[in-house]
Amino acid sequence: MTATRPPVAAGRRLGAVALATVAGVAVATQSRINGELGVRLGDGLAAAGVSFGSGLLLLMVLVPATRAGRRGLATLRAALTRRTLRPWQCLGGACGAFLVFTQGATVGTLGVAVFTVAVVAGQSGSSLLVDRAGVGPGGRRPITGARLAGAVLTVFAVLLAVSDRFREPATLGLAVLPLLAGVAVAWQQAVNGWVRVASESTLTATLVNFVTGTAVLLVAFAVNLAIRGLPAGGLPTDLWLYLGGPIGVTFIAVAAAVVRLTGVLLLGLATVSGQVVGAVLLDLLLPSAAPPDATTLLGAMLTLVAVAVAALGGRLRAWSSETRTGTARRDLTDVDGR
């Protein structure tokens with residue numbers, strides 16, 4: 001399903017980018033929490049199930065309790081009946097489940113920063129293709145020079161930020177899991193955006209995401225339980241280890257709400273910036289290893305530059321061209337290279 005993208009005011013889009021960046025900081029925090037939970041349980045799949053399951057329980061209370069949530073469920077059912085929303089567009093949660101599993105399975109070994117590198121590398125390239133195909137509700141978005149430069153610069157910046165973490169080649173093989181998860185995240189954000197549009201409710205779109213993801217994780221956990229038995233570690237008593245689910249609810253809700261304003265690539269770049277900044281802050285405030293050095297801080301700053309390039313490159317180029325020809329307009333609303 002594709003759609004022609006309506007004009008979006010620059011102020012609204014930049015506000016959406018700022019909100020997505022804050023959500024990215026929350027993702028970095030979630031990665032640290034789920035990674036620690038996976039270490040405590042000795043099972044990344046069990047940690048993912050706890051995280052997704054707690055988020056689903058929260059939504060099962062919130063959605064029926066709110067008028068918008070109840071109306072969204074009715075609207076979603078009608079959209080599926082009329083086939084204006086296809087069932088496959090409700091499967092984004094499966095990708096989210098895979099991402100959360102990789103948090104629990106790899107962050108304890110890779111660390112938040114290296115985990116972020118792998119996710120970014122997959123997400124940036126995949127977002128270009130998802131936008132080009134018009135999978136998301138924002139319609140087709142061409143691979144322009146500004147958008148491509150922003151994606152490439154983001155990958156380079158994150159690699160620079162964590163360059164000191166690649167001294168152990170053995171960790172690179174484990175990084176394949178979050179790399180694949182990053183590829184899946186772009187598609188997840190696009191289809192979740194369609195559920196948000198069809199249901200006219202961010203809460204409902206988030207609930208659909210968590211229902212799908214939890215169902216996938218339950219099946220995987222049942223298979224894992226039959227093969228390996230119960231996790232070696234018992235449930236920890238530290239309450240902060242169970243905040244991954246609520247944080248995930250917040251992130252998915254933000255992504256579903258703003259993707260129609262930003263497009264998949266720009267949403268991905270903004271959340272990447274937040275993730276990197278969040279990872280640096282976590283290493284500074286709650287260090288689990290050596291504090292970040294100047295190279296790491298420079299890389300974090302470059303991710304913000306990358307978002308600016310992708311978001312404003314086309315707008316500034318058009319403004320400069322029209323200024324030279326004396327035809328500059330005040331209604332330039334495209335900050336995405338079109």
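Modeller: A crossing is left-handed if the near helix is turned anticlockwise from the far one by less than a right angle, and right-handed if clockwise. This is a predicted model, where local features need pLDDT of at least 70, side-chain atom pairs count only at pLDDT 80 or more, and totals for chains, interfaces and linings use all residues. Residues are numbered from 1 along each chain as its sequence is written, and side-chain values use heavy atoms, leaving out hydrogens and water.

Colleague: So which hand does the crossing of H7 and H9 have?

Modeller: Left-handed. Helices here are DSSP runs (H or I, at least four residues), numbered from the N terminus. H7 (residues 176-199) and H9 (residues 244-285) pack at about 135°, axes 8 Å apart.

Colleague: Which residues of H7 and H9 make the contact?

Modeller: Contact means heavy atoms within 4.5 Å. Among them are Ala-186, Asn-192 and Arg-196 of H7, plus Phe-251, Arg-260 and Leu-267 of H9.

Colleague: Is Asn-34 buried or exposed?

Modeller: Buried means under 20% relative accessible area, exposed over 50% (1.4 Å probe, protein chains only). Asn-34, in helix H1 (residues 10-41), has 0% relative accessibility, so Asn-34 counts as buried. Leaving aside residues up to four places away in sequence, Asn-34 touches Ala-47, Ser-51, Val-100, Gln-103, Gly-104 and Gly-244.

Colleague: What do the buried residues of H2 pack against?

Modeller: H1, H3 (67-82), H4 (92-133), H8 (202-228) and H9. Those buried residues of H2 include Ala-47, Ser-51 and Phe-52.

How values were computed. Axes are lines fitted to C-alpha atoms, for helices over the stretch in contact, and angles run from 0 to 180 degrees between N-to-C directions. Helices (H or I, at least four residues) and strands (E, at least two) are DSSP runs, numbered from the N terminus.
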